[in-house]
Amino acid sequence: MSYSVSIHKPSSVRHAVCTDLIAPCVFSLVLARPAAIDVYGIQASSLSLQYSLPVNGTITSLLAFKPTTSPTSWLFVLTEDCIGFTLSYKDGHLVTEQISTDLDERFLPDTDTEHIAIIDPQFRAILLHTYKSSLTYIPLVQSATGNKKRVSKTPAAASGLQVTGTLYPARRLPIEELIIISIIFLENVDRPTIAVLYRDGQHARHVKVYEINAMGNALEEVKGSGLRNVDQGASLLVPFPSPAGGFFLLGEQLLTYFPPLNSKDSKPKKVPFNGPINFCAWACIDDTGKRFLLGDEFGQIYILQVNLACDGDAPTVADWKIKNIGETSIPTTLTYLDSGFFFVTSHFSPSTLFYLSPEAPHVQTVQVIPNLAPITDFQLVNRENTTDVVACSGGFKSGSLRIVRSGVGVDALAEIAGIKGITGLWTFDEDIVVASFIENTMVVKCDPEVGTFEELPGWCDIVSNEPTIEMAEYHSMMAHINRSSVTIVDITNGRLISRYNGGQISVAVITPQAIIIATSLTTLVQLSWDLTVIATMTLPDEISCVTATEDLCVVGLWNEVKVGLYSLPDFHQVGDTEKLSGGNVRSLKISTLDSIAQPILFAGMADGTLHSYHLCPSTAMDGELSEHKVTILGTQPVCLYALKNSIFAVSSHPSMIYGHAKKITISSVNLQAPTALAVCKCTSIAEDSDGSDVLIFATDGKIMYGIIDQLMSTHVQTLELQETARRLAIMSPATGVIGLITLKTELDSYSGDEIINCFVKIVDSSLFEVVDSYALHENEMAESISSGFFDGTEYLVVGTGFAADREEYTKGRVLIFEITPEKKLSLVLQSELHGGIYAICEVNGNLVCAVNAIVRLCTISTNPMTGSLDFKLQCGFRSPVMAITLSTYEDYVLVGDLMKSVALLQVRKVSSTEGVEYMFHEVARYYEPMWMTAVEILDEKTSIGTEAEGNIVVYQREDMTGVRDSGFMPKGDDDPVLEVISSMRVGEVVNRIRRITKQSTDISINDPVVIPQAYYATRDGAIYLYGQIAPQHINTLINLQSNMSKIVKSAGELNILSYRAFSNQRRKLHEPVRFVDGDFIEQFLELSQVEKEQAVEGANGGVNLGVNVGQVSGMVEDLKRLR
């Protein structure tokens, strides 16, 4: 049973409209992501997310229109399954007004391009292009008098037509043009009229103009209004507003204006410009059409300035000019807002709000909405209690390498530089900070707003030539402990109250009741706040750490692997822990966490292990401990800091420990490991923090003020490459580099052709910067990259192909690089093969290459005579069409074919006269055709794959006996096959799947509901976690998903089970097969109490889960923490 949940939701934005959706004349920006609609409020100079609506479908078009009966605009949404519906905003929610179910036509071929949806400027109709040779016409108006020939010239109720918001029955309009590039409705026309830019079978481009007849059921070509053989790079039609009318054709070299149909001079006007320019988006700045924004494929932005002339009563287009005014994100669409602000939606770049400034720079960035799309490749880096995703993200000039990690973020508020080597921090009123170093202590008064500090020598009688061990404030007294003494000072006036000279002090703990110090390495001394000795105790070994409560003292020793428990105030030993893994004890803390009643003892060990125990009410009397749990925080000694109802733990990486849903939760903190920290007191920064604790971190030669987020989220670190990052391989920590394949695309200023250069680069893992680059030959494209140990040495291996003018690679090279100690690329071997190397993997010290349709096993060894590398082809396996993706596990190889699904191979050794050789043995195959995009082996029996229509399939190797459910199976019942055990539609094209090789440990989950097994990333910037559901929870989750689908209302009334059902051109199911959508399951926590009870009890024909709401909520909370 399979489970999938998003770690990072799809971030590509392809559609946007600016309309008064929420309130009359108050405009909002509405964005469409693949399966969600986001509504942003437009502030003075920023955008704020006001509402987000998940959609159980892949959105392909978004339009806005205003019914005459509504004070606000409505939305029209079209999905990939050709389901259209309208939405309006009521009572703080987007609600479905109507669903159009007659748009789908399964017997017509899909278009070769994306769906096109346009709306008549007078809101008379919506036109869709979703199938070849056909347009879908959806009327929005009907005649008030019953005369169907009457028309409207305004969006209001002119001529008796009312835009009620009703989607009237759709009509098919046959059209002879098969490859349509752009369609627009024209303005200032009596009947709905469209202009069509299309391409014929000889790749020539033409323009035609059609009127839609009065009955709305046929197209009538307007003779003499089109143009044949237009600019070969023509890509967009742009309507010109009323009253001038007409439209522009944007080409690579020419801008052509087509006058309105009723014009005296209907001949198109052509004006060349300094090209070539590949326009891809446009927006009208003003209602008269005097200015347009134009965007090209390289992110350049242009102003089209149109001059109008008077021809009688109506203005006409006289001339125009185009001017480059700056640079933006690579646009998918342009949307002009108001007052010089415009928004760029982007698939390859972050979607961004810009401002048109009269001063240079004329295009200024105002606000950025992050975007990871497209993720072309990624690898996993296992950290101690989390997993990082290192991804090739973005495209063209926005290409980058990203590190994506889930964890608790730190919102940095201020920094103070110039203080290095801090080992301890304590804060007091008036922004006073006490910093301890290895040999001394310094007191400073900080000004975080300015970023400066002032040293305060002699403050509160603190000795500066010794390091501080511990400090605390109680009422008006302050206790300060250094190596030689304990002092009590009146903090109001700095007067010394008393001093205790206790010899060599090593560790200490201060509570409101007492001060406990370790002197002479082995002796514990308990002092009152007037420094009177209450009790002493000598231990058999050196004391490493100590912590205490009102009645309990816990002690760790350097040469013991357990912790001793002693009652207070008499130091009577009441017990100890069992032997603890992880070396000696380095840090101890007792804390009460949110939602957990009992105090918890935490013990941090030398090797990064953390132990936890629940304290009982009788622990101080009998030493009883319960619920011992263990987790790995890092590889370095653990240092614990007590915060308010939480613990901050520092090992090789920092972590937050807090209580949630009556369980201990550990989250990675996305921050460089600090050397010390403290809670900030009485600062203006703290006053502005909405009640959250402001912490002071000592790290990297500076003091940083920051607030830790309350919840885990996704955080991204970016290395801008300014070229497309296509593939990557992470080498071992000893080598310390990341191998990259990048593509740099430039435009030839003379011919307009794109020039693509390919590079192999390496990035320093620590510095996160490019340290070397290797340029490939002309017309050579790198398709694959991998790293591995061959003959005992780690190499970076790159597979390439030479394209020339053929669609299929005729030859390619295997390039083997060694990384020098200076982190430079050194080419040690190259071998030419007969085809492009689409994929490379390492299997048991050998290399597996997908070379066009042949999978090759190659050996790499050192020649004992010359010392150079030898590359030898061993054996091959022919894939049916094209082997484009590979995965290996032990001695198994999974092959993903371009069209013919997957095959599982095993590498076997065979004896020969020349020594050991290898052969491929086909273990099993899946016979139903699928266009695979990614595959991964999870274990020797289970594999996972994705195909080009957005489905994910889980295979299991079985010996098939009995009846088969597919006509694609082999004839013999004994033939080994891969059986599909789970399938689901993702709704996005998956580019890569990576197996999880190491499980992170969570001390709060003894009985995991889902066992994570892989991550997969998509073209739209999403990252998903795939896992296997534990057998005892399968029925509960499957039935919960089914029950919720009957209760949870969705936009357009789209059913989640139908949306997630496997669907391609050959087969469409009705629901996912043994697959659970984690994002949908998590919506259980947002339901009302009544809806939760209905989901658990199986209302509306569901299945009673046999558990209560609390148990289901706890299970879903555990699942949510998988993120």
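Residues are numbered from 1 along each chain as its sequence is written, and side-chain values use heavy atoms, with hydrogens and water left out. Because the model is predicted, local features need pLDDT of at least 70 and side-chain atom pairs count only at pLDDT 80 or more, while totals for chains, interfaces and linings use all residues.

**Exercise 1.** Determine which residue forms a salt bridge with D81, and where the two partners lie.

Solution. A salt bridge is a side-chain nitrogen of Lys or Arg within 4 Å of a carboxyl oxygen of Asp or Glu. D81 meets this criterion with R985, the closest N and O atoms being 2.8 Å apart. The pair links distant parts of the chain, since D81 is in the loop between β7 (74–79) and β8 (84–90) and R985 is in strand β83 (residues 977–985), 904 residues apart; helices (H or I, at least four residues) and strands (E, at least two) are DSSP runs, numbered from the N terminus. For the burial step, buried means under 20% relative accessible area, exposed over 50% and partly exposed in between, with a 1.4 Å probe and protein chains only. D81, at 27%, is therefore partly exposed, whereas R985, at 3%, is buried.

**Exercise 2.** Describe the salt bridge of K702 and E415 and state which strands it ties together.

Solution. The side chains of K702 and E415 meet at 3.1 Å, N to O. K702 belongs to strand β62 (residues 702–708) and E415 to strand β35 (residues 410–417), so the pair ties together parts that are 287 residues apart in sequence. K702 has a relative accessibility of 24% and counts as partly exposed, and E415 is partly exposed with 41%.

**Exercise 3.** Classify the aromatic pair of F428 and W459.

Solution. Rings of Phe, Tyr and Trp (its six-membered ring) pair if their centres lie within 6.5 Å, and planes under 30 degrees apart count as stacked, over 60 as edge-to-face and the rest as tilted. The whole structure holds 24 aromatic pairs. F341 and Y355 form one that is tilted, with 4.9 Å centre to centre and 45 degrees between the planes. F341 lies in strand β29 (residues 341–345) and Y355 in strand β30 (residues 351–356), so this pair ties together parts that are 14 residues apart in sequence. F428 and W459 also form a tilted pair, with 5.5 Å between centres and 50 degrees between the planes. F428 is buried at 2% relative accessibility, and W459 is buried at 17%.
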